[in-house]
Amino acid sequence: MKTILLTTAAALGLASAAAAQEVTLQFWDNQQTESGLSEFQQAAVDRFMAENPDITVEVTTIPYPEYQQRLLTAVQGGNAPDIATLDQIWVAAFAQAGAVADLTDFAAGAGLSRDGFFGGAWDSAVVNDRLYGIPFNVDVWQFSFYNQDLLDAAGVAPADLTTFDGLRTAAEALTTDGQFGVGLFGHRGEDTVVVVNSFIFSNGGEVLNAAGECALDEAPAVEAMEYLQDLAQFAPDGILNANSGTMRELFLNGSLAIEFWPALEQPTLQASDINWGFVNGTAGASGTAVGTFGGWNLAVFESSANKEAAQKFIEFMVREDVNGDVVDLIPANVAAAEAFLAENREGPEDILAHLGNAKPRPLSARYLEVAEIQMTLYQDVFSGANVAEAATAACEDIDALN
Amino acid sequence: MSTQNRWLIWIFLAPTMVLMGVLLYYPMIGTVVESFYDTSFISPEPRFVGWAVYEKVWNSRQFPQVVWNSVVWTLGVVLLQNLLGFFVAMLLNQGLPAQGMLRALVLLPFVLPGVVTAILWRFMYDPQLGLINSLMIRLGLVEDNAAWLASSDTAMAAVIFVAVWKGFPFSMLIFLAALQSVDRSQLEAATLDGAGPWRRLIDVTLPAIKPVILVNVVLTLILTFNYFDIVWVMTRGGPQNATHIFPTRIFETGFGQFRFGEAAVYGVFSILILAVLAALYVIVQKTADGRRRTA
Amino acid sequence: MTQSPQTRAVLMLAQVMLALFILIPFFWMLSVSLKPATEPFAIPARLWPADPTLENYVTAFRPEFRTYFLNSMIVSGSTVVITVTLALLAAYSFARGTLLILSGLMALVVLAQMFPHSAIIIPIYKLMRAADLLNTYASLIIAYVSVTLPVAIWMLRGFLLKLPISLEEAAAIDGAGPLRIFFGIVVPLARPGIIATAVYVLIVTWQEFLFALSFTSTQDMRTLPVGLNDFIGQYGIRYGELMASSVMVSMPVIALFFFLQRYFVAGLTAGAVKG
């Protein structure tokens, strides 16, 4: 009898010890093809596992174009990972669907607060006053990267690019036979949305107003879109099927004078022969260039059986000494970002200033539907439609969503 | 088969019926049921709404455009792919010297994954950097950079062209097989009767391969209607919805915007329209047959 | 048949046009694959890189690439064998059975061809998960067999209907059992149809993307169409490496078809397809 009890106790003890050792976390991230980042990320994951020998992290990277579909299928199929990076614009939907866990208490307990991160990034994870993600990385659309040699030849100063009028004059002067003034693009995609948004923001406009109603048909937004419609004559042909990647290829071969990109573009330009520089967006009536926030948050899935371990992993990934090693955008942790920018980017002060001004896209659970209507509107604008009429139609569609 | 073999019929059919039942009909019936609910990712509690979502889709601005685009896309690809496939099959059945090599070469577009095909062609169509404009400018065919995929006027034609390039080898292969089975003696008899190549084609070859034409057309009809990769990667349905077809719309609505109920409705409509197209073709074919026979 | 010299010249010209039509995109693919990453794209496009290099091939021929290739071969190969076998059995029943219910079932088969994949993928995903098959070859093979079966049955039934039933009847009178008739007479006669169906299934599964993406999660289970997307990022495409990979994907398949085409076309046409 005694033996049996002892054996059972021993077995139970062993079992619980084994359980403590067998936490395996599934971490999904969108694949960073640009920078060979995955090596660094793996190094950081290894470091985490060394610090936490009882936790194993399995990283799955998924190419960006399919990431959203893949994640949605997994969640709907009841097979979500423990942790994933979520695009800022998905968080509200995932939170409302009940797919991701409330991290408010965890963040308070771990001492993570809005002050330590870029405010816009933090806000993108807040839904109904509860926090559903921790900002991982950020960037801002857009910086105007310019080709210094082409600007010199046309007698344009970089500072000219920072106002609506200045940019238009410069674009006209920079457009010559076989050379394009400005790299506007208008395919159906988020990069189109964020660039047009930033011109609307910089003109004092909004996508949705404080009450959540469409504001694209109001004067500042309409003016900004009319401005872009006119500016498009100095862009390369075929912008309705062109994206930021297309413009990069033209910028790199020296035929495009100005391209719109987030700071992420810098490493590519550094590796090129182009004599480049950048300014922070373009200011309209508001007097300030206001960019659009982009970036990714780390979220824990409601279905995860290992939420504590998952939170530990998130805490590690956004730590000041780690965050900069695991991102190729800009670390969302401000202290990490300062060090990262000083080391890896030209003009870190300017980048920080632009991040400080940037506005998020509408933080709504139905953002993706709003964005689709915006894409249709912006394509109409770039193909010469009457802006005010198109904006009114788009606003009817957006307001009908609610 | 005799009565005692009825068991055999069912044994032969069993695995197929189980697989199709579980992996095709069960999910599809689920989708049909879902189409009567207002359901999306963000409202996980489905609400029964009857035909409401159907009405919403039916009355939406995009719906007629998606139907029209789907019909143009499908008919365009099916017609061109089979015509080209047929003429290439004829060409590669003449005993010319390079025939063997070409028969293998023709299969090249066919083996290239659809996503890669689409990226390759999107790049070729690029107004500035692409090979097509480069060649056309060199040959003096165009002066300006034509933006093939970025104009609502040319985008559909441009994606159809790519689908034909990728798809004609399949039609060709089946036609080639059929051509080789055409009775040589009949062709020779027709030649002796003084029929030229054109008459031989109309009077002997075409009637002989008619069943194969039917198979090819219906098969490519179904494959094309539901073909997703090329349009999605090349244009994402743009510009201004000019190339949005049912599969891209279903994908965008369901996975891009998380509206499952609406995606389900598009799915049901897509099956109905495809079934109508296929049925129309078969009926036209049969009626034409009947008329020819009575004539 | 002999052609007049003029006809022959026209036909040869048509062959050249055909070759150009097929090859120009592949030429461009090759050209881009040989372009160093540092050489910008020119306007108008340069036909051949100024300074061709094999560096993209070196990067693209990673161990992962070989894994993807192997996975694609395993999945496509298994699917072809299983689909064609099951379809042949089913098609034979449909072609020779006289029960009324069979025509109803055949209508269901035809209808099933028309289901759009993106509308049924989430329920299928749930089934795979319930069966604990996610991230296995089996999940892909089962899904591919299911979606290719309807068309395969339909194609094979067409071929089988054209086979003269008299041969089977004669064999039955000679005392051959139904299985013996099926394997000894029907299958050999249906060879062209079997080959055509196999090609169809192979092509569909070789490039299938949506299921492959959804059902696999780890890199060692990915197939080629998904793996090639490694070079497509959020903000740009690494054309050089993508095209180098594409060339490497195409080559073995072309070689295979080149060596098999004689046998292949002969197989397709052997007797039996007389309409």
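pLDDT is the predictor's confidence in each residue, on a scale from 0 to 100. The model shown here is predicted, and the mean pLDDT of chain A is 90, with 93% of its residues at 70 or more. Where pLDDT is low, the predicted coordinates should not be read in detail.

Chain A can be taken through its domains. The assignment gives domain 1 as 24–140 + 294–357 and domain 2 as 143–290 + 366–400. Between the C-alpha centres of these two domains of chain A the distance is 28 Å. Their contact draws on 18 residues of domain 1 of chain A and 14 residues of domain 2 of chain A. On the domain 1 side of this contact, the elements of chain A that supply two or more residues are helix 4 (91–96), strand 6 and helix 16 (348–357). Helix 16 of chain A contributes the most to that side, with five residues. Sorted by class, the side of domain 1 of chain A that touches domain 2 of chain A has eight nonpolar, five polar and five charged residues.

Strand 6 of chain A leads on to a backbone feature. Strand 6 covers 134–141 and strand 7 covers 143–147, and Gln142(A) sits in the loop between these strands of chain A. The peptide bond that joins Trp141(A) and Gln142(A) is cis, with omega about 0 degrees.

How many residues of strand 7 of chain A are buried? Five of its five residues are, and the strand is described as mostly covered. Both of its faces are covered: Phe143(A), Phe145(A) and Asn147(A) are buried on one side, and Ser144(A) and Tyr146(A) are buried on the other. Strand 7 of chain A is joined by four bridges to strand 9 (residues 256–261) of chain A, and these two strands run antiparallel. Within that pairing, Ser144(A) has Phe260(A) of strand 9 of chain A as its bridge partner. Four bridges also join strand 7 of chain A to strand 10 (residues 276–279) of chain A, again in an antiparallel arrangement. Here Phe145(A) has Phe278(A) of strand 10 of chain A as its bridge partner.

Chain B has a secondary structure of 13 helices and two strands. Along the principal axes, its C-alpha atoms fill a box of roughly 75 × 75 × 35 Å. Of the 295 residues of chain B, 54% count as buried. Among contacts in chain B with a separation of 6 or more, 68% come from residues 24 or more positions apart.

Several backbone features of chain B fall in one loop. Pro239(B) is placed in the loop between helix 11 (229–235) and helix 12 (246–256) of chain B. A cis peptide bond joins Gly238(B) to Pro239(B), with omega about -10 degrees. Arg236(B) is also found in the loop between helix 11 and helix 12 of chain B. Arg236(B) is not a glycine, yet its phi is positive, at about 50 degrees. Is Arg236(B) buried or exposed? Arg236(B) is buried, because 21 other C-beta atoms lie within 10 Å and the cut-off for a buried residue is 20 or more. Asn241(B) lies in the loop between helix 11 and helix 12 of chain B as well. Asn241(B) has a positive phi of about 65 degrees although it is not a glycine.

The contact between chain B and chain C takes 83 residues from chain B and 75 residues from chain C. Helix 1 (residues 6–34) of chain B gives the most to the chain B side of this contact, with 17 residues. By class, the side of chain B that touches chain C has 63 nonpolar, 17 polar and three charged residues. The contact between chain B and chain A takes 21 residues from chain B and 26 residues from chain A. On the side of chain B that touches chain A, eleven residues are nonpolar, eight are polar and two are charged.

Note on methods:
Residues numbered from 1 in each chain as written. Chains lettered and ligands numbered in written order. Predicted model: local features only at pLDDT ≥ 70, side-chain atom pairs only at ≥ 80, totals over all residues. Buried ≥ 20, exposed ≤ 12 C-beta atoms within 10 Å, placed from the backbone. Domains from an automatic or database assignment. Contact = placed C-beta atoms within 7 Å. Nonpolar A, V, L, I, M, F, W, Y, C, P; charged D, E, K, R; others polar. Pairing = 2+ DSSP bridges.
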